[in-house]
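Subject: Structure handover

Hello,

Here is the structure I said I would pass on. My notes on it follow below.

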Amino acid sequence: MNEAETRAELIDPKLKACGWGVVEGSKILREYNITAGKIQTGGVRAKKLTADYVLVYKGIKLAVIEAKSGDLGVGEGVAQAKQYAEKLQLETTYSTNGKEIYSICMKKGAEGLVADYLTPEELWIKTFPKTNEPGSELVELWREKFSAIPFEDIGGTKGARYYQEIAVNNTLEAVANNAQRILLTLATGTGKTFIAFQIAWKLFQTRWNLKRDGSRRPRILFLADRNILADQAFNAFSAFAEDALVRISPKEISKKGSVPTNGSIFFTIFQTFMTYSPERAKSVSEVASPLAMAADPALPHKSEQYNFGQYPADYFDFIIIDECHRGGANDEGNWRGILEYFSPAVQLGLTATPKRKDNVDTYKYFGEPVYVYSLKEGINDGFLTPFKVKRIKTTLDDYIYTSDDQIIEGEIEEGKHYVEADFNRIIEIKAREAKRVQIYMDEANQKEKAIIFCATQDHAAAVRDLVNQYKKSTDPNYCVRVTANDGEIGEQFLREFQDNEKTIPTILTTSQKLSTGVDARNIRNIVLMRPVNSMIEFKQIVGRGTRLFDGKDFFTIYDFVDAYHHFADPEWDGEALPCDVCGQLVCECQSQPKPPPQPCKVCGQSPCICEKKPKEPCEICGELSCNCNKRKKIKVKLKDGKEREIQSMISTSFWSADGRPISVEEFLNNLFGELPNLFKNEDELRTLWSNPITRRTLLEKLDEAGFGKEELTTLQKLIDAEKSDLFDVLEYVFNSDIKPMTREARVAAAQATIFALLDNNQKEFIEFVLSKYIETGVEELDQEKLPILLTNKYQSLEDAKEILGDVVNISRLFIEFQQHLYKQKVA
């Protein structure tokens, strides 16, 4: 009995007898794809992780079953059953061959043979055991209400991936258990906004609110730190009724004189909420003087001076804080006041960064994440794009001033060694930046979308101009700058860049603005022209390229600043680290409340309300913020001809998803799968390739094995061998010590041997063929291409025969010269 028969005749009837698919609310998912399969070339993917059965009850996945044929022992499926359960975070899993059932509890570690599967209700109670704790009935009630609402598939266009479903369910389980602060940590590009939408959808449909009485729909706030993120979320929530969504903007507040309240799902940025209103501040102070407020705490609070204070503290039921590591949970950040003001609301933080020393406040405020999904998992599961790194070094990566260079502006420090961190902040050498831009433009495919990260906004402008000077495109907006200073026009450029139907702008330059939260799926190149000191920021920047897009098999990081060292850091994609001092995952060192600030000695208030004299401008420079002692940026012009001496070296390295440097062969095997064993060694490959007839047979076999023209072309690009022969590419896969040579170099090395025994007419024809080979590639040497080449050269086949001889002689000539072209290895 094979596996299919075992399922149909033994397993399916047993599941039905245990109530699965029979009891209302129970469902069996068959051949459930857990992962998408790691991305390989040409849109091909590695094998998906597929579970034979997943048991669902009341909308929640509760168990997985690995089925084997009746001819195999039940133990053959145990390892897979555990693997699937671990991936899906399920407590219960089974292995079966139809005759026996082996049950495993992932939570308690108990396992062994059982007579039957648990019924839907038994499995539900096992997963969510009932307790006698106060409020447990309400927890069960909301758990079942949440699970009864199916995931919204947005018109059938987008289903939830397994990890997104876990993130939503774990969050709602925390909500049901009355958690006030919840954290989700998922890698950039894995769909945090989609997860937030699904959570809001279920809360909205179940009429969950702070009172937990279902009397009204919840009021939900989506809070971000940039308009582009708030706008993306607003658009992503489009399945809600139009009148339920409200985009809070400063213009609307100013126009109406108050914040909007006519909706259910609100979107805004911290800065809008923190906008200070002098009129409101005045009215508040008139209504409640500091002394009166001290005497009567019920009087209006100072928060009413800001836009967020116009809402009652308990107005919102649920608040989603996007990119929450960027300041909202920071004790020292002004934005923390908003979260504390709306403390009655349940608050969900979304972040892409596991706990590190530089985001400890986030984890202290929200607590341990209810779910973590890493970059490594995303790439290995096939939900994120893999990458390669090009490290680029030049002879002007650092600089010491010499007297033959010209100081255009500023005061240079003789003998000082200027390093990467100094450039474009302290010192500027335009020739250096021009060389870097030229290197990138020569190396990259100029039609591919890219983001270039620069040191400052001025540097981003300079790089933009240099790119546009070197570009092949005739469009004036081929490369644009998107920084804080670019305002609305920058936001418009960004929207057009994100539009995958548009090719202009193709390249964005930026400094800090685009390191997080920009959903542009077709980015093929990330260019680092400034140091990246923070591991958090490095992961965010890499995340700009990881999003999936049709035909995008990998993306490339062009690293001018040695940022690749971050891959070797244990923090690259590791687990959350405990505090060095207290040893807790959520640091308790600072858990004691801070003492309140001391009142002003003059007015007795905190904060001080003493009338302060306006600041006087500097008598010398006339500026409120004196610039007299601020050093001007040093601008240096290299001596004539010196910029032409700048040399560069480019090395390509390959990295696994977990930040481990790997061999070319391992990287290619990860991306392509192993090449079929169609030749034993390089010599046999050379023999097969030297003859157009056997070469064609080899290419046909490669195509049948999944390595067609598109795949081999991608392989060429991956190892930077687009000007090489496909022979060199296949040879390189077997021996990466042999660097691919260009077709032009191959012809130059073999030309003397090829022409040695040819007459002038034959030589002229072969020269023509080789010129086409150099221009286009090995397909010009196909036997089927011979008539076309003869016609192109001599206008007709009859004319060709008159000059070169009969068809047999021409065919022999065409085959024999290729044997000389590939005969020997050329250094």
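The buried residues of helix α16 are His 459, Ala 460, Ala 461, Val 463, Leu 466, Val 467 and Asn 468, where buried means under 20% relative accessible area, exposed over 50% and partly exposed in between, with a 1.4 Å probe and protein chains only. Helices (H or I, at least four residues) and strands (E, at least two) are DSSP runs, numbered from the N terminus. This is a predicted model, in which local features need pLDDT of at least 70 and side-chain atom pairs count only at pLDDT 80 or more, while totals for chains, interfaces and linings use all residues. Residues are numbered from 1 along each chain as its sequence is written, and side-chain values use heavy atoms, with hydrogens and water left out.

The cover over the buried residues of α16 includes α15 (430-443), β17 (449-453), β18 (479-481) and β19 (507-510); contact here means heavy atoms within 4.5 Å. Helix α16 takes in residues 457-470, and its 14 residues should span 20 Å at 1.5 Å a residue. The expected span is 1.5 Å times one less than the number of residues. The end C-alpha atoms of α16 are 20 Å apart, which agrees. At the N-terminal end, Thr 456 caps α16, with a side-chain oxygen 3.4 Å from the backbone nitrogen of Asp 458. A polar contact is a pair of N or O atoms within 3.5 Å; within protein, one must be able to donate a hydrogen and the other to accept it, and residues adjacent in sequence count only if both atoms are side-chain atoms.

Another threonine, Thr 206, sits in the loop between α6 (192-205) and β8 (220-224). Thr 206 counts as buried because its relative accessibility is 9%. Its side chain reaches the backbone oxygen of Lys 202 at 2.7 Å. Leaving aside residues up to four places away in sequence, Thr 206 touches Trp 142, Lys 145, Phe 146 and Ile 149.

Next, the strands. In β12 (residues 346-351), 6 of 6 residues are buried. Val 346, Leu 348 and Leu 350 lie on one side of β12, with Gln 347, Gly 349 and Thr 351 on the other, so both faces are covered. Strand β7 (residues 181-186) runs parallel to β12 and is joined to it by 5 bridges; two strands pair if DSSP finds at least two bridges between them. Leu 183 is opposite Gly 349 of β12. Strand β11 (residues 318-321) also pairs with β12 in the parallel sense, over 4 bridges, and Ile 320 has Leu 348 as its bridge partner in β12.

An open sheet of 3 strands has the order β15-β22-β16 and mixed pairing. Its edge strands are β15 (406-409) and β16 (427-428), each of which pairs on one side only. Between β15 and β22 (residues 634-637) there are 3 bridges in the antiparallel sense, and Ile 407 stands opposite Val 636 of β22. In general, strands of a sheet pair through backbone hydrogen bonds, either parallel or antiparallel.

Most residues other than glycine have a negative phi, and most peptide bonds are trans.

- The peptide bond from Ile 504 to Pro 505 is cis, with omega near -5°; Pro 505 is in the loop between α17 (487-498) and β19.
- Lys 58, in the loop between β2 (50-57) and β3 (60-67), has a positive phi near 55° and is not a glycine.
- Gln 795, in the loop between α26 and α27 (797-804), has a positive phi of about 75° without being a glycine. Gln 795 is exposed, with a relative accessible area of 62%.

Lys 785 lies in the loop between α25 (760-776) and α26 (786-794). With a relative accessible area of 22%, Lys 785 is partly exposed. It touches Glu 779 and Glu 780, not counting residues up to four places away in sequence.

As for the whole protein, there are 28 helices and 24 strands. Of the 827 residues, 49% are buried. Among contacts with a separation of 6 or more, 70% are between residues 24 or more positions apart. The accessible surface comes to about 39,700 Å², and carbon and sulfur atoms account for 49% of that surface. Accessible areas come from the Shrake-Rupley method with a 1.4 Å probe; for residues, only the protein chains shown count as cover.

Regards
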